[in-house]
Amino acid sequence: MDKKKSQLRDGAHFGELFYSSRDAMNIYDENGHIVNSNPRASDMLGYSHDELVRLSGPDIIHPKYHAIFEQFLHDVSNKGEFCAEAIDVRKDGSALNIEVWGTRILYDGKPRSLSVVRDITKMKALENQLAEELKEKQRLIEKLIQSHDLNARQISRELHDTIGQTLTSIKMDVENILAKLDLAEFPLEKNLISIGNKTVKAIRDLKDINVLLHPLEFDDLDLIGSIRDFLSAIQKSHKIQVQFFTRGMTHQLDHEKTFALYRIVQEAFTNILKHAHATRVFVHLYEKKDYVALTIEDDGVGFEIKKLEADTLRDKRLGIHIMRNRAIEHSGYFSIDSSKGNGTVVVVEIPFV
Ligand SMILES: Nc1ncnc2c1ncn2[C@@H]1O[C@H](COP(=O)(O)OP(=O)(O)O)[C@@H](O)[C@H]1O
Ligand SMILES: [Mg+2]
């Protein structure tokens, strides 16, 4: 043992490192037998040093990772290095996640394989917890989007059946009164006309909301046609020039993807009408090799992207968040680019498969 210590010490301070390292280190011969191990290896695995030097790699490695150990021996002697994650088994049978680096060293005058082993059990547990939390968050967002769609459908129907009907009948009443009145004798005529105009505006606003909320019918797969209808409805009621370009578009998208893209267009226009004060909007829909791309570019006031995260959290702003998630749900890409005074561009890419 002492002899070995001094041999290790000869090797450019390697010995110091070996005995004081916070990572476990084992030195293996070409058959995978442990020829030396450091104190940390004993701590980690629960074997004494004397026990360890009577063991081989597979005795301390989970059976699922025996092939990795073979790879370790092979790579270290052929390429001089190795790195992997694996699971070790302690003397008491419990398992620990490890990260292992391998390197070739000269030990006792012979070429040997050194493994440097770090216990990453805690990190793995945290990683798993984080992955679980992310999954949970994704599930919540999916639920939110679903209920968002459901609500949109309900709200759109409710608005039409209730307020929409009432407004239409007010408008008709006003028109009837105006038709029967002798206007010259009626001093409040102007007010009545103004009520009529406001009612017409309210009906238009309501139609707008319905257009922005309007869902696709379930069997409607005509994305281009649906977007075109949507855009012309927007143009009819707003002083905004919308240009729609499509190119390629030979792939038939499934309903879910069609729905997602259509919803993103609606959400982007909800923002444009609400925030942008734009005069022109360009919508491009085109195919690339294996995905469909959509860009929506307005020439409006823009906003500071940096503030978006904070605003989203503080004010529960969800529009952009939901757009992004609709793209991500289909393994797609989403980006929004904007700056004050320079308009806003939304880019979405959704792969065909
Ligand atoms: N096209 C746009 N032009 C200008 N500002 C925009 C545009 N789209 C989004 N924004 C800004 O980003 C913010 C977040 O948008 P969003 O997530 O849809 O939430 P909301 O529309 O409910 O405010 C908006 O409040 C607005 O300040
Ligand atoms: Mg919005």
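**Figure 1. Pairing of β9 with β10 in the predicted model.** S335 stands opposite V347, a residue of β10. This is a predicted model, and in it β9 and β10 (residues 344-351) run antiparallel, joined by six bridges.

**Figure 2. The open sheet with mixed pairing.** Five strands make up this open sheet, in the order β6-β7-β8-β10-β9, and their pairing is mixed.

**Figure 3. The open sheet with antiparallel pairing.** A further view shows an open sheet whose five strands follow the order β2-β1-β5-β4-β3, with antiparallel pairing. Its edge strands, β2 (34-37) and β3 (81-89), each pair on one side only. Strands of a sheet pair through backbone hydrogen bonds, in either a parallel or an antiparallel arrangement.

**Figure 4. The hairpin of β3 and β4.** The strands β3 and β4 run antiparallel and are joined by nine bridges. Within this pairing, E85 stands opposite E99 of β4. Five residues lie between the two strands of the hairpin, and G93, in the turn, has a positive phi of about 90°.

Figure 5. Ten bridges pair strand β4 (residues 95-107) with strand β5 (residues 110-119) in the antiparallel sense. Y107 stands opposite K110 of β5, and L106 has P111 in β5 as its bridge partner. The hairpin formed by β4 and β5 has two residues between the strands; D108, in the turn, has a positive phi of about 60°.

**Figure 6. The crossing of α7 and α8.** Helix α7 (residues 121-180) and helix α8 (residues 189-213) have axes that come within 9 Å and cross at roughly 160°. The two helices, α7 and α8, are therefore roughly antiparallel to each other. The crossing in which α7 passes α8 is left-handed. Sorted by class, the contact of α7 with α8 comprises 17 nonpolar, seven polar and two charged residues.

**Figure 7. The domains of the protein chain.** The domain assignment divides the protein chain into domain 1 (2-119), domain 2 (121-215) and domain 3 (218-353). Between the C-alpha centres of domain 1 and domain 2 the distance is 68 Å.

How values were computed:
Residues numbered from 1 in each chain as written. Chains lettered and ligands numbered in written order. Predicted model: local features only at pLDDT ≥ 70, side-chain atom pairs only at ≥ 80, totals over all residues. Pairing = 2+ DSSP bridges. Helix = DSSP H or I, 4+ residues; strand = E, 2+ residues; numbered from the N terminus. Axes fitted to C-alpha atoms, helices over the stretch in contact; angles between N-to-C directions. Parallel < 35°, antiparallel > 145°, perpendicular 65-115°, else oblique. Left-handed = near helix turned anticlockwise from the far one by under 90°. Nonpolar A, V, L, I, M, F, W, Y, C, P; charged D, E, K, R; others polar. Domains from an automatic or database assignment.
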